[in-house]
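I'll go spot by spot and jot down what I find.

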Amino acid sequence: MNEIVLKDEIIKLKKALHVSIVAHFYQKDEVFELADFVGDSLQLAQWAAKDENPYLLFCGVGFMGQSVKILAPNKRVFMPKIACCAMARMIDVGYFDQNIEILKAAGIKEEDILPVTYINSSAEVKARVGMMGGYVCTSSNAKKIIIEARKSNKKILFVPDRCLGQNIAIEMGLTSCVVGDGSDPKLSDILCYNGFCSVHQLFDVEDIAFYRAKYPGILIVTHPECKPEVCALSDFVGSTSQIIDFVQKLPKEQKVAIGTEYNMVKRLRNENTYILSSTKPECPTMNETSLQDVYNALKSIQEERFENEITISEETRKWAFVALSRMFEL
Ligand code: SF4
């Protein structure tokens, strides 16, 4: 089938089967254009949880589909492809518990640790955080969550993105360390798990120097998953949605170099908008989803094969919901 026929078939099937399609900002254009709703991970989960169609096709990565299932357990959530966020895969419950043991060995009692997990983590990790009284956060509300979490007077264990944890610590004038890096965690306010996003690690201070030298007056915009030294040299640091909002409000003639995922920046582009990298910073797993995968997923629903369905045990869902709800309450 050529692309036009494939698109037509997808539109017909989704209507006939009562399936909604959502797509993250980092998806390829052809998939992005077909979605009923597009957004960042939290926006997608919130929209999908309220959507009335019984079936949802989530074009994104695994933890995002899981977030919908945590919020709306009766909805049947499918992925065109089981794609996993590289950062979310850097931590599981075993690694989480290992970090707790390292902190205990350093003299910090478990009851004095309050975990905060970035939404880019599995349902199991969110559940473990929920059981320990902790919170989920996003890149746009991480500061607010940490302010609240610190009222407990406990040490904050921030998982899995060390860069987001370090960047928030710097913004708040707090100290941070990476668990297991040899430093004494008792001396730091925020103890970061050693995870990172391989895409946002691609941006460097040299890239900023290059663009500033080439285009005097250019604005540098980055995501808080970038390295602290990159964020420190940026004119604006924000979540995916905050970056879109910031860039769209700039005058067209303002030059701007953006340090985040390629597909999203490409859609924001005019002749004065640049990607802050000499390489193409595509998220490999986000880019796995194709139109053919979307079509195959719809056929699998139609033929009641129900492939790539997201399932979570009720015990895990319950505790992950607790951690997510603490964020929503704020
Ligand atoms: Fe995960 Fe990074 Fe891809 Fe986002 S861009 S889904 S954080 S690997």
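Predicted model: local features only at pLDDT ≥ 70, side-chain atom pairs only at ≥ 80, totals over all residues.

I started with glutamate 307, which sits in the loop between α13 (291-302) and α14. Buried or exposed, or in between? I got a relative accessible area of 43% for glutamate 307, so I'm logging this residue as partly exposed. Leaving aside residues up to four places away in sequence, I found glutamate 307 touching Phe78 and Ser300.

I noted a phi near 55 degrees for glutamate 304, a positive value in a residue other than glycine. Glutamate 304 has 61% relative accessible area, so I put it down as exposed.

Asparagine 153 belongs to the loop between α7 (142-150) and β7. With 73% relative accessibility, asparagine 153 goes in my exposed column, because the cut-off there is over 50%.

Which peptide bond did I flag as cis? I flagged the one from valine 159 to proline 160, with omega near -15 degrees. Proline 160 is placed in the loop between β7 (155-159) and α8 (162-172).

**Ligand shell**

What surrounds it? I listed Tyr26, Cys85, Ala86, Asn120, Cys197, Val199, Glu225, Cys283 and Met286. Sorted by class, that shell comes to seven nonpolar residues, one polar and one charged.

Cysteine 283 comes out at 13%, and since buried means under 20%, I count it as buried.

**Histidine 200**

I then went to histidine 200, in the loop between β9 (190-192) and α9 (205-214). Its relative accessibility is 1%, so histidine 200 is filed as buried. What does histidine 200 touch? Skipping residues up to four places away in sequence, I have Tyr26, His223, Glu225, Cys226, Gly259, Thr260 and Glu261. Tyr26 and Glu225 were also on my list for the ligand's surroundings.

**Cysteines**

How many disulfides does the structure hold? I counted zero. Cysteine 84 is in no disulfide, and the nearest cysteine sulfur to it, that of cysteine 85, is 8.5 Å away. A disulfide needs the two sulfurs within 2.5 Å, so I left that pair out. Cysteine 84 has 28% relative accessible area, so I marked it partly exposed.

**Helix α4**

Last stop was α4, residues 62-71. How many of its ten residues are buried? Nine are, and I wrote the helix down as mostly covered. The buried ones in my list are Gly62, Phe63, Met64, Gly65, Gln66, Ser67, Val68, Lys69 and Ile70. I note that Lys69 is among them.

I then asked what covers the buried residues of α4. On the strand side I have β1 (19-24), β3 (55-59) and β4 (76-78) included in the cover. Among the helices, I noted α3 (41-50), α6 (123-131) and α14 (314-329). Helix α14 had already come up on this page, as one end of the loop that holds glutamate 307.

Note on methods. Residues numbered from 1 in each chain as written. Heavy atoms only, no water. Buried < 20%, exposed > 50% of the residue type's maximum accessible area, 1.4 Å probe, protein only. Near = heavy atom within 4 Å. Nonpolar A, V, L, I, M, F, W, Y, C, P; charged D, E, K, R; others polar. Helix = DSSP H or I, 4+ residues; strand = E, 2+ residues; numbered from the N terminus. Contact = heavy atoms within 4.5 Å.
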